[in-house]
Amino acid sequence: MIQLLSGLVLLIAGAELLVRGAMRLAARLKVRPLIIGLSIVAFGSSAPQMAVSLQATLSENADIAVGSVIGSSIFNVLVTLGLSALIIPLRVSRQLVWLDIPLMIGASLLVFVLAYNEELTPLDGLLLLTGLVLYLGLLLRQSRRSARPRPAHDDAPARSRAPWLSSLLLMMCGLALLVFAGHLLLDAAVEVATDLGLSERIIGLTIVAVSTSLPQFATSLMAAFRGQRDIAVGNVIGSNLFNLLGVLGFTALVAPMPLSVSPNALDFDLPVMLGVAVLCLPVFYSGYRITRAEGLLFLSLYLAYGLHVVAFTTGMPLAGKLEHLMLFFVLPALVVFLLFTSLFTWRRQHKRESL
């Protein structure tokens, strides 16, 4: 209990330092906070995921390594964005809708295709890392385009702005606290899950995934509380891209043998991850914001997913009923609703452009 409480306190403190440092760095470098959220904040808060996946792979626990990335991607979107939107409706940048979300969908689809033979080879890892390098190149290009020139009349002294080095140091301290807190929470969670006799796949999808996602979760929530909506959303999308391309790619590349992917992950977890990524596109496109109602929808979907995982693992008949309900009622209604809202948004924007 002491370890759990200590981890939570350090997690909050680290998130506060990270968000504050990111805001100062964005102001100092004259770039949009979204770029900082997609890159430095996202990649830094994903450090526990990289450490855990590598440790699991070298310990020959491939199901935990792969399952934690899949579960983390699902948790980041449905829970982190869902709760953040409940705090304050999140504004979504057009860059996210037209560039980063399609790239996240593409990365999810790429992982699904590469894992279809039930393993990820070093060659697959190299391909995923190549995708990460290309994405970083796009981010660098976007940061140069979004650099805001200093107004000529702005004669405020340079010392009035926090130096970039101190901002970077603040972020590094926040990241260190997040990583340490994540390990504290992870160790406590895995110990409890092992005592309960859960399988490696379930531990990876739930306990490990949630624990390694807590840095992103805390960072986005803190950003939402502080009104930094670009960082709150960008952190989630950037983290998912880094997890899929960087964590899985590097883990598959250095693994002593190809990473095995369980049939259950192929049949259920990977399609859910891909579906969640696709879901972001119409939700983000409709009004370029995530409303509280949409945040509640995200949380409800994760609750259904979690119930299914637990029911399937324990052999409860509830699993079949949930699958039937989701496939034949919830998903068709959700698709119709999203198509309607997307069409309505497109027509509204088309009328504005024609005026």
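Among contacts in the protein chain between residues at least 6 apart in sequence, what percentage join residues at least 24 apart?

1. The answer is 85%, where contact means heavy atoms within 4.5 Å. A word on the basis before going on: this is a predicted model, in which local features need pLDDT of at least 70 and side-chain atom pairs count only at pLDDT 80 or more, while totals for chains, interfaces and linings use all residues. Residues are numbered from 1 along each chain as its sequence is written, and side-chain values use heavy atoms, with hydrogens and water left out.

2. The protein chain holds twelve helices and four strands; these are DSSP runs numbered from the N terminus, helices being H or I with at least four residues and strands E with at least two. Of its 355 residues, 51% count as buried. Here buried is under 20% relative accessible area, exposed is over 50%, and partly exposed lies in between (1.4 Å probe, protein chains only).

3. Please have a look at helix H5, residues 94–114. Its 21 residues reach 30 Å from first C-alpha to last, close to the 30 Å expected at 1.5 Å a residue; the expected span is 1.5 Å times one less than the number of residues. Even so, H5 has a kink of about 35 degrees at Asp 100, shortly before the proline Pro 102. The bend at a residue is the angle between axes fitted to the seven residues ending there and the seven starting there. Asp 100 is one of the buried residues of H5, which also include Gln 95, Met 104 and Leu 114.

4. Val 92 sits in the loop between strand E1 (90–91) and H5, and counts as buried because its relative accessibility is 3%. Leaving out residues up to four places away in sequence, Val 92 touches Val 97, Phe 284, Tyr 288, Arg 289 and Ile 290. Its C-alpha is 9.9 Å from that of Ala 232, 140 residues away along the chain.

5. Helix H9 (residues 229–254) is worth a visit too. The end C-alpha atoms of H9 are 36 Å apart, which agrees with the 38 Å that its 26 residues should span at 1.5 Å a residue. A kink of about 35 degrees is centred on Asn 243. H9 is mostly covered, as 22 of its 26 residues are buried.

6. Within H9, Asn 240 is buried because its relative accessibility is 2%. Its side chain reaches the backbone oxygen of Ser 73 at 3.3 Å. Apart from neighbours within four places in sequence, Asn 240 is in contact with Ser 72, Ser 73, Asn 76, Val 77 and Met 104.

7. Helices H4 (residues 62–87) and H11 (residues 292–314) pack at about 145 degrees, with axes 7 Å apart. The axes are lines fitted to C-alpha atoms over the stretch in contact, and angles run from 0 to 180 degrees between N-to-C directions. Residues making this contact include Ile 74, Phe 75 and Val 77 of H4 and Arg 292, Gly 295 and Tyr 305 of H11.

8. Asp 124, in helix H6 (residues 122–145), is buried with a relative accessible area of 11%. Arg 28 of helix H1 (residues 2–29) is partly exposed at 30%, and lies 8.6 Å from Ser 167, C-alpha to C-alpha, although 139 residues separate them in sequence.

Notes: A polar contact is a pair of N or O atoms within 3.5 Å; within protein, one must be able to donate a hydrogen and the other to accept it, and residues adjacent in sequence count only if both atoms are side-chain atoms.
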